[in-house]
Amino acid sequence: MHRFDTSSAARVVSPQQLPRRVQPGSVWLVLASLLWLPQAAVIAWAVQCFAQDQALQYLGVQVLALAALGVARAWCESRGIRVTYVHARRQVSQLRQHVMQAVVQTSPLDRQRAASGWVASALAEQAEAIVPWLSRYQPAMWRVMLVAPLIVIAVASQSWLAALILLCAAPLIPLFMAIVGWRAKAASDAQMVELGQMNAFLLDRLRGLPTLRALHAVSHMAQRLQVHAESLRERTMRVLRIAFLSSAILELFSALGVAMVAMYIGFHLLGNLPFGAWGEKLSIGQAMWVLMLAPSFFDPLRELSAVWHDRAAGQAAQQALQTLAQAQGRVPLPAALATAPVKTNPGALALQACNLQVQVDAGAPLLPAVNMQIAAGEHVAIWAPSGAGKSVLLAQLAGLLPVPSGQLLVDGLPVDAALWPQLRARMAWMGQQSHVFAGSVELNVALGRTGVQRDDIAQALQQAGLGQTFAQRDSRSLGEGGQGLSGGEAVRLALARMAVQQHAGLWLVDEPTAHLDPTTARQVMHSLRAMAAGKTLVVATHDPALATLMDRTIYLGAEQEVLP
């Protein structure tokens, strides 16, 4: 069970808050850009001194000033990039935590819960697209808003006509960029959706690959995967075409603006255009300064164009995460983020259901109200037709679904949100298809639980009947999904996971003998019965032999409990 520190929830960045955050490194990046103005002034001064045969007179001062400004500019640039990237990475980490909190607060039985492939794609791949948006786009916006106007003012101090040329060329760039940006955002949204759908499709088909092989549907699945891949390729190429178009538009207008300023400066120095300055002809140094500042005026806009695609991709990723966060929680997981200390008192648990409504959400109950009483240490089989709601009932007993107040009592205490963390720590759960992770046997049994020693794992494997089978495989990796394991070995591994929880006083097992041959099923039954000695065991089953081994059988939907 993952737990998060809810005390810091106020500091966690939600998807809606991202555009409102100001990157602290933007100040250093703006300062680095502004330092080019005195640098260009020193270079223009040096050119003016060469033109007046005074090159050696101020050469030392000019070199030192140029070197100092260059070092300061490089330091500000590097610090700004580092601070901005670290801050962006921290915000994305907090955003992932925000979305993960929404995911873990949702019951795994929620029908509206997002597919695992989509969640993994949104948190791993799409969230990474937000980092360039925060670390590059926002500083570029600040440079456009601050650096470009200051450069125009500096140019206007020497020539009002050159500044007017820059001002006339500048508005065309944001206009066309906005037009292209609308298409870029739409294309990025479609590309992100297609990427998430493809990941969800691929993960779902990989999980069901044995079934697809058995049904000879692998070729059909490959054709559908090819269709998804081709659609994703087309959408990705559409995004790239728009990105290249935006860069071409910017380069065109920036080149025209710089060329017009250069033409004016050239004709002005030749005397053909004597106007445009403040009453006097520009000197060589002044003209050189204006010429060097003109391309720098378009640099923030050029940088903005380069990261315009990052903005579109980042906003699309933000929208995907926002949708994912809002889509969760329709069927909440009781006390999912509880942080109170959990007590693991040993001993079997007693259960009592009083008119318990077996249902997943606000829809109609799957069964009539369930009334049953299970004593501590009793072994009980739950029997009902397929699809009647046995698994849902076990999920309610395990705290995976919300239970109305007063309908479930554990050890005589009504279950509420404050009690669920304590109860989950004393429960062991085995679903119909226990997943086997890629890793060693030891890791698959421990599942990251604290306090589990190697001796505990060895004892649990021995009790499950896998002591000799896994004696030489404890350090070797198992295949993802149980590759290399038989059906019986996978079930026994799940039993070992339960046995290693020595403090668990309630075992909830769902169809442990399904899909097993009679011999293996009989061995699993007796192992389960022996391992659960002294614990409360509730088994949902269709197997008459397993039900016979239990102390009694509860027939869901019936008015009375029938003893075998």
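Okay, so E128: at 29% relative accessibility, this residue counts as partly exposed. Keep in mind that we're looking at a predicted model here. What does E128 pair with? With R89, in a salt bridge where the closest N and O atoms are 2.8 Å apart. E128 sits in the loop between α4 (116–125) and α5, while R89 is in helix α3 (residues 59–104), so this pair ties together parts that are 39 residues apart in sequence. R89 is partly exposed too, with a relative accessible area of 25%.

I'll show you two others.

Go to E378, please. E378 makes a salt bridge with R552, and there the closest N and O atoms are 2.4 Å apart. This pair links distant parts of the chain: E378 is in the loop between β2 (370–374) and β3 (379–383), R552 is in strand β11 (residues 552–555), and 174 residues separate them. Are these two buried or exposed? E378 counts as buried, at 15% relative accessibility, and R552 is buried as well, with a relative accessible area of 9%. The cut-off for calling a residue buried is under 20%.

The other pair is E442 and R454, whose side chains meet in a salt bridge at 2.5 Å, N to O. E442 belongs to helix α14 (residues 441–446) and R454 to helix α15 (residues 454–463), so the bridge ties together parts 12 residues apart in sequence. E442 counts as partly exposed, at 24% relative accessibility, whereas R454, at 51%, counts as exposed.

Right, on to helices. Two packed helices are described by the angle between their axes and the distance between the axes. Find α5, residues 130–156, and α10: their axes come within 8 Å and cross at roughly 160°. That makes α5 roughly antiparallel to α10, because an angle over 145 degrees falls in that class. The crossing of α5 past α10 is left-handed.

F275 is partly exposed, with a relative accessible area of 44%.

D411 isn't a glycine, yet its phi is positive, about 55°. You'll find D411 in the loop between β4 (408–410) and β5 (413–414), and it is partly exposed, with a relative accessible area of 40%. E511 is another non-glycine residue with a positive phi, near 50°. E511 is in the loop between β9 (506–510) and α17 (518–531), but this one is buried, at a relative accessible area of 10%.

Last stop: V539, in strand β10 (residues 536–540). V539 is buried, with a relative accessible area of 0%. Where does I382 come in? V539 and I382 are 157 residues apart along the chain, and their C-alpha atoms are separated by 5.8 Å.

Technical notes: Residues are numbered from 1 along each chain as its sequence is written. This is a predicted model: local features need pLDDT of at least 70, side-chain atom pairs count only at pLDDT 80 or more; totals for chains, interfaces and linings use all residues. Side-chain values use heavy atoms; hydrogens and water are left out. Buried means under 20% relative accessible area, exposed over 50%, partly exposed in between (1.4 Å probe, protein chains only). Axes are lines fitted to C-alpha atoms, for helices over the stretch in contact, and angles run from 0 to 180 degrees between N-to-C directions. Helices (H or I, at least four residues) and strands (E, at least two) are DSSP runs, numbered from the N terminus. Angles under 35 degrees count as roughly parallel, over 145 as roughly antiparallel, 65 to 115 as roughly perpendicular and the rest as oblique. A crossing is left-handed if the near helix is turned anticlockwise from the far one by less than a right angle, and right-handed if clockwise. A salt bridge is a side-chain nitrogen of Lys or Arg within 4 Å of a carboxyl oxygen of Asp or Glu.
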